[in-house]
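Reader: I have a model open and want to learn to read it. Can we go through it together?

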Amino acid sequence: MFIPNDHGAHVGAGLKPAPTLHREPSPRPLHGGRLRQAAARYGIPLAGWIDLSTGINPQGWPVPPVPPQIWQRLPEEEDGLREAAADYYGTPHLLPLAGSQAAIQALPHLRPACCATLVTPSYAEHAHAWRAAGHRVREVPAEGIEAALPETDVLVLIHPNNPTGARFERDRLLAWLEWLAGRGGWLLLDEAFLDAAPESSMAPFCPRPGLIVLRSLGKFFGLAGARVGFACAEPGLLDRLDRMLGPWTLAGPARWAATGALQDRAWQAETRRRLTGDSERLAHLLTCRGLAPSGGCALFQWIETPRAADLHEGLARRGILTRLFTDPPSLRLGLPGSGADWERLDAALKEVIYEHTRSTFAPSPSGGGLGRGNDQACPERSRRKRSRRGRGDLAP
Ligand SMILES: Cc1ncc(COP(=O)(O)O)c(C=O)c1O
């Protein structure tokens, strides 16, 4: 049940905690990365897949062998992780988490029932968590935020947005924060995909009242399996979150690997450069195939097309997993890792598009239709030709 919010001075004052019992559970959000499911469904062995269904860096931080005592001892707070994270994120006001997902689920339980505004489309776990904790959830397009603000207690933004790549100017974010904080509200920024553009992070503004910034080691660092993330916020809120999550939420080996990754400035600089280049290459490859992305960031590109489901299916039948969205019909593609993966993606796109050419693919809203594409202008084709010439391979 939604407890109406009083729009007076301090949101939350005198309100009951968000009711969480006896609610109809909403369907659990779908995610990319379900490669085993895809392998079973399409009858292609795991090793035959290219997984582009997540925005995870395919060349993640190379984790060295974990010393035996790290496996054996209980994790200790004083192991250097906090210091490494404070240095990397630009604020000491942070809490290590078992993935930023831990905070996404817990934070809604730290407020009385209120109105949370979220942008759609975006990573569905946020809306799911706020709804599940009994809050009223409004989902608006990015252009609708200003209009929704007067009724908003908590504004949740993924920055850059997943999957659209939408970004917001710092001044605007600060203005929204000021408004929300003035009424006891929160600006919750999920910066899971921001590591390639650290200058845009709002984490260094913590501990401003009402500001919460979530970070993840799963994307840029490619350590999604380690389950490491951080919440940056005011000390009082971090303390409540810490108490709620309890001790040893992060495994020792995950803490150890995260500390090394956060300290490795040379790898980070090189990775920023590489990801930015690879993301541009992916956008170009898609554009050459008549699929100009509508948005993206350093870790993925997003294409809107009414034939997204056909494209997803056609690629999956060729062992390439993408992330399909239905509203609006669209696909998110992560970055291929090896040169062979890039070539396979381009060849598969060409085949799928050819297969469907006669079934008239309509142009996408961004102007990029699923047409024949332009083989001549496509960099993958020239790359293949160059490397064949280099190998003396005369195959056409
Ligand atoms: C926008 C966004 N935030 C948070 C997460 C969760 O990340 P973590 O691995 O840190 O829990 C994801 C996972 O895909 C995501 O896309």
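Reader: In which sense do β2 and strand β8 (residues 229-232) pair?

Author: This is a predicted model: local features need pLDDT of at least 70, side-chain atom pairs count only at pLDDT 80 or more, and totals for chains, interfaces and linings use all residues. Residues are numbered from 1 along each chain as its sequence is written. Strands are DSSP runs of E, at least two residues long, and helices are runs of H or I of at least four, both numbered from the N terminus. Two strands pair if DSSP finds at least two bridges between them. β2 and β8 have four bridges, and their sense is antiparallel.

Reader: What is the strand order of the open sheet?

Author: The sheet has seven strands with mixed pairing. Its edge strands, β2 and β4 (136-140), each pair on one side only. The order is β2-β8-β7-β6-β5-β3-β4.

Reader: At what angle to β4 does helix α5 run?

Author: Angles run from 0 to 180 degrees between N-to-C directions, and axes are lines fitted to C-alpha atoms, for helices over the stretch in contact. Helix α5 (residues 125-132) lies across β3, β4, β5 and β6. Its angle to β4 is about 155°.

Reader: Why are α11 and α12 called oblique to each other?

Author: Angles under 35 degrees count as roughly parallel, over 145 as roughly antiparallel, 65 to 115 as roughly perpendicular and the rest as oblique. The axes of α11 (residues 308-317) and α12 (residues 339-357) come within 9 Å and cross at roughly 125°. The pair is therefore oblique.

Reader: Which residues of α3 make the contact with α9?

Author: Residues are in contact if their C-beta atoms, placed from the backbone, lie within 7 Å. Helix α3 (residues 81-89) packs against α9 (residues 252-263) at about 35°, with axes 9 Å apart. α9 brings Arg-255, Ala-258, Thr-259, Leu-262 and Gln-263. From α3 come Leu-81, Ala-84, Ala-85 and Tyr-88.

Reader: How many residues of the shell around the ligand are polar?

Author: Residues surrounding the ligand include Gly-99, Tyr-123 and Asp-190; near means a C-beta atom, placed from the backbone, within 6 Å. Ala, Val, Leu, Ile, Met, Phe, Trp, Tyr, Cys and Pro count as nonpolar, Asp, Glu, Lys and Arg as charged, and the others, Gly among them, as polar. The shell has four nonpolar residues and one charged. The polar count is seven.

Terms used: Contact = placed C-beta atoms within 7 Å.
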